[in-house]
Amino acid sequence: MGASRAFGATLCPDWALALSARDIAEFDRNGFIVLRAVLTAAERKQLVAAGDRIIEARVPGHQENKRSGKYDSARNCIELDSSVRRLLTHARVLPAVVQLL
């Protein structure tokens with residue numbers, strides 16, 4: 001078992017991403033946070049491909065359109081593609097999510 005470090009009430013292994021107070025404040029202010037160097041190039045490529053599949057599928061009730069007719073966003077991507085679902089338990093993503101709870 002590897003070493004751990006504590007922040008807040010959460011104990012995270014050394015390989016986990018530790019969010020700073022600034023990161024957490026940004027999340028609280030904006031409702032999202034950009035985490036750099038969390039996913040590998042291969043994982044990013046898989047997620048881009050998943051996003052393309054989701055947009056191309058045009059599943060009713062899961063997408064919002066801009067006035068131009070272009071798709072602007074997709075809802076509930078976790079339900080629509082297994083690549084996105086894997087983020088829920090990703091070894092570097094999940095500890096960050098736990099810190100935001």
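**Exercise 1.** In which loop is the place of His90? Work out whether His90 is buried or exposed, then list its partners.

This is a predicted model, so local features need pLDDT of at least 70 and side-chain atom pairs count only at pLDDT 80 or more, while totals for chains, interfaces and linings use all residues. Residues are numbered from 1 along each chain as its sequence is written, and side-chain values use heavy atoms, with hydrogens and water left out.

- Step 1: His90 sits in the loop between helix 4 (82-85) and helix 5; helices are DSSP runs of H or I, at least four residues, numbered from the N terminus.
- Step 2: His90 has 15% relative accessibility, so it counts as buried (under 20% relative accessible area; exposed is over 50%, partly exposed in between, with a 1.4 Å probe and protein chains only).
- Step 3: leaving out residues up to four places away in sequence, His90 touches Val38, Leu39, Glu43 and Pro95 (heavy atoms within 4.5 Å).
- Step 4: the side chains of His90 and Glu43 are joined by a 2.9 Å polar contact (N or O atoms within 3.5 Å, one able to donate a hydrogen and the other to accept it; residues adjacent in sequence count only if both atoms are side-chain atoms).

**Exercise 2.** Compare the reach of helix 2 with the expected span.

- Step 1: helix 2 covers residues 41-57, 17 residues in total.
- Step 2: the expected span is 1.5 Å times one less than the number of residues, which gives 24 Å for helix 2.
- Step 3: from first C-alpha to last, helix 2 reaches 24 Å, close to that expectation.
- Step 4: next comes Arg58, with a positive phi near 50°.

Key:
Helices (H or I, at least four residues) and strands (E, at least two) are DSSP runs, numbered from the N terminus.
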